[in-house]
Amino acid sequence: MLTYDIEFGGTGYLGDRWTHGVGLSYGYSLPVGRFLSFDFSIGVGYLWGDYKKYRPMDDCYVWDSTSKRSWFGPTKAGISLVYILGGRKARKGGGR
């Protein structure tokens with residue numbers, strides 16, 4: 001659930017009520033050393049909710065319309081560099 005207030009080039013979008021979402025995400029960790037790894041994540045989902053469209057005029061915001069929005073597609077993507085405190089422990093006997 002989220003709320004937002006975004007303005008691009010003179011047009012604003014205000015989601016002052018909760019926008020809902022449902023989705024799935026997947027992550028993978030790639031070790032690159034004893035103390036470092038890269039974490040990758042991606043998510044897809046469905047978002048829906050109401051929003052208000054406005055435009056700034058003088059020192060005020062003028063409301064234009066209220067609409068509903070629903071959207072299905074990618075909802076997140078990320079790459080992180082992770083430092084592992086204490087490092088990974090070396091195991092004897094090979095990688096089982």
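Two strands count as paired when DSSP finds at least two bridges between them. I start there because the bridges define the sheet in this model, which is a predicted one. In total, 22 bridges join strand 4 to strand 3, residues 36–57, and the two run antiparallel.

Now the whole sheet. The protein has zero helices and four strands, and along the sequence the pattern reads β-β-β-β. The radius of gyration is 22 Å, while the globule rule gives 12 Å for 96 residues, so the protein is more spread out than a compact globule. The C-alpha trace spans about 70 × 30 × 20 Å along its principal axes.

The four strands make an open sheet, ordered 1-2-3-4, with antiparallel pairing. Which strands stand at the edges? They are strand 1, residues 2–8, and strand 4, residues 60–83; each has a single partner strand, so one side of each has no neighbour in the sheet. On average, neighbouring strands are turned by 30° against each other, direction ignored.

Of the 96 residues, 12% count as buried. The exposed surface comes to about 7800 Å², and carbon and sulfur atoms supply 60% of that. Among contacts with a separation of 6 or more, 55% are between residues 24 or more positions apart.

Next, charged side chains. Side chains of opposite charge can pair when their charged atoms come close. The count here is four salt bridges.

One of them joins Lys-52 to Asp-16, with the closest N and O atoms 3.3 Å apart. This pair links distant parts of the chain: Lys-52 lies in strand 3 and Asp-16 in strand 2, residues 11–31, at 36 residues apart.

Another salt bridge is between Arg-17 and Asp-50, at 3.7 Å from N to O. Arg-17 is in strand 2 and Asp-50 in strand 3, 33 residues apart. Arg-17 counts as exposed at 57% relative accessibility, whereas Asp-50 is partly exposed at 24%. Arg-17 and Asp-50 also belong to a network of salt bridges with Lys-68.

Finally, Arg-55 meets Asp-64 in a salt bridge at 3.1 Å, N to O. Arg-55 is partly exposed, with a relative accessible area of 32%, and Asp-64 is partly exposed at 35%.

Technical notes:
Residues numbered from 1 in each chain as written. Predicted model: local features only at pLDDT ≥ 70, side-chain atom pairs only at ≥ 80, totals over all residues. Heavy atoms only, no water. Axes fitted to C-alpha atoms, helices over the stretch in contact; angles between N-to-C directions. Rg over C-alpha atoms; globule rule 2.2 N^0.38 Å. Buried < 20%, exposed > 50% of the residue type's maximum accessible area, 1.4 Å probe, protein only. Contact = heavy atoms within 4.5 Å. Areas by Shrake-Rupley, 256 points an atom, 1.4 Å probe, with all protein chains shown as cover. Salt bridge = Lys/Arg side-chain N within 4 Å of Asp/Glu carboxyl O.
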